[in-house]
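Dear colleague,

Please find the structure below.

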Amino acid sequence: MNDAQLAAAVERPAIASSDALLPADERTRDIARDLYSEVAAAPIISPHGHVDPRLLTDDTPFRDPAELLITRDHYVTRILHSAGVELWEVGLDPSRPVDPREAWRRLAENWHRFAGTASGYWLAHELSSLFGVDDELDEASADRIYDRIAVALKEPDFRPRALFKRFGIEVLATTDDPLDDLEAHRLLGEDRSFPGRVLPTFRPDAYVDPNAAMFTENVTKLLAATGERTALAGYLAALAARRAHFIARGAVSADHGVVEPFTTDLAPSVAESLFQKALAGELDAAGARLFRGHLLFQMARMSVDDGLVMTIHPGVRRNHHTPTLERYGPDTGHDIPVQTEYTENLRPLLDAFGTAPGFHLVLFAVDETVYSREVAPLAGFYPSVYIGAPWWFLDAPDAILRWRSAVTETAGFYRSSGFIDDTRAFLSIPARHDTARRLDASFLARLVAEGRVSILTARRIARDLVDSIPREVFKL
Ligand SMILES: [Zn+2]
């Protein structure tokens, strides 16, 4: 075989229409293809993510290929950084602007390093399905591909609202500060020409963790905004009032990013004294942990009262590298997972609310050892607990299959949350949901091939995973 023949033999077909990610063996692949075809074109339900809603109210064209596919995506910038590219070279330092074409060249030179990574797959999927780019990105093709994308971005079809429609997004949740006025959500909700629902999500981390930057300022602002007094009871009432505002703007969930899912129900006088110490900046580490645990418990109580689904995203050490934090700020690719414990930490919360009618608690994890040992067994008993889709470092093809294997035998498919893209990269939403659909089809296909699930049941599960399951879990 000469080079040209070899190239033709292994040429990659356009990803979206290919058997990408389906099983390698033919019999299972045929079943997986059947199951995938049930859901390939289903609308996207995205109940948790980080897209800025103003993208959709302003509908400003994306500026350039680098801003769109590199600079805003810390999954991409971290791999480049690990290869020795400085973050300013890909546009992360506003005081040191770079030519976006140069940033794109850094990606092209390092493209081979993305092989086998989830980000590499998503980017290839986006290049193929959105821009018709199926040839390899490298130094030779970098400028040509850059120009092709840059030209496309000037077209009306590539404006954010047009893409939202093209992607078939039915529900998109954003993540918002408790004091956000949610004006963008109101505008989108009232806009009859807008095709989907964009829902805010209440994210109070910076208001419930005494170690958060600006904690005291945040508490003061929140109390001022709600007219509550400076006692813990007043503060909790202020948080409840903001949750009510979110619900009025369509919110269905409250999201909690904590290092550990520790919960405790302190006596009111003890909690009040910790709160006053926190405001005075006099709380030690043990006191801060107790206060956070008490507030997480209170957030669950509020969810029981107001119906917001509680989601917990624990287990990430934020901003691991101090010099990078100081120079470039947070969310710049050096948040690193830590070991996480759920069973004992959540026991006070689940003792109190685990069987409360209507309470939904979605547990995400980045420590995959907990899936079979803790999260699936919890979801396999408590009617309130759902297994969050694999998150962050685990939202990758092999990790998603490992997750299904780890949780399904204990809890089945119907205690899982449905796919969660959790992304700030708007263009990656269809690629990520398509990835999950292909992998669920692959996983189910194996069970069918092994005679463990009938094809009829497997088809139903495949459909439910992208439709009725996320609707039920997130009360949509
Ligand atoms: Zn998130």
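Which residues line the largest cavity? The model is a predicted one, in which local features need pLDDT of at least 70 and side-chain atom pairs count only at pLDDT 80 or more, while totals for chains, interfaces and linings use all residues. Residues are numbered from 1 along each chain as its sequence is written, and side-chain values use heavy atoms, without hydrogens and water.

The lining of the largest cavity consists of Ile-45, Arg-404, Gly-418, Phe-419, His-433, Ala-436, Arg-437, Asp-440, Leu-465, Val-466 and Pro-470. (On a 1 Å grid over the protein atoms alone, a cavity is a set of points where a 1.4 Å probe fits but cannot get out; lining residues have an atom within 4 Å of a point.) Its volume, the space filled by probe spheres set on grid points joined across faces, edges and corners, is about 100 Å³. H20 contributes the most to this lining, with four residues. (Helices are DSSP runs of H or I of at least four residues, strands runs of E of at least two, numbered from the N terminus.)

The zinc ion has as protein donors His-48 (NE2), His-50 (NE2) and Asp-422 (OD), lying 2.1 Å from it. (Donors are N, O and S atoms within 2.8 Å of the metal, or 3.2 Å for Na, K and Ca; water is not among the atoms, so sites may look incomplete.) His-50 and Asp-422 link distant parts of the chain, 372 residues apart. Asp-422 is buried, at 12% relative accessible area (buried means under 20%, exposed over 50%, partly exposed in between, with a 1.4 Å probe and protein chains only).

With kind regards

Technical notes: On a 1 Å grid over the protein atoms alone, a cavity is a set of points where a 1.4 Å probe fits but cannot get out, and a pocket is an open set with protein on both sides within 12 Å along at least five of seven lines; lining residues have an atom within 4 Å of a point.
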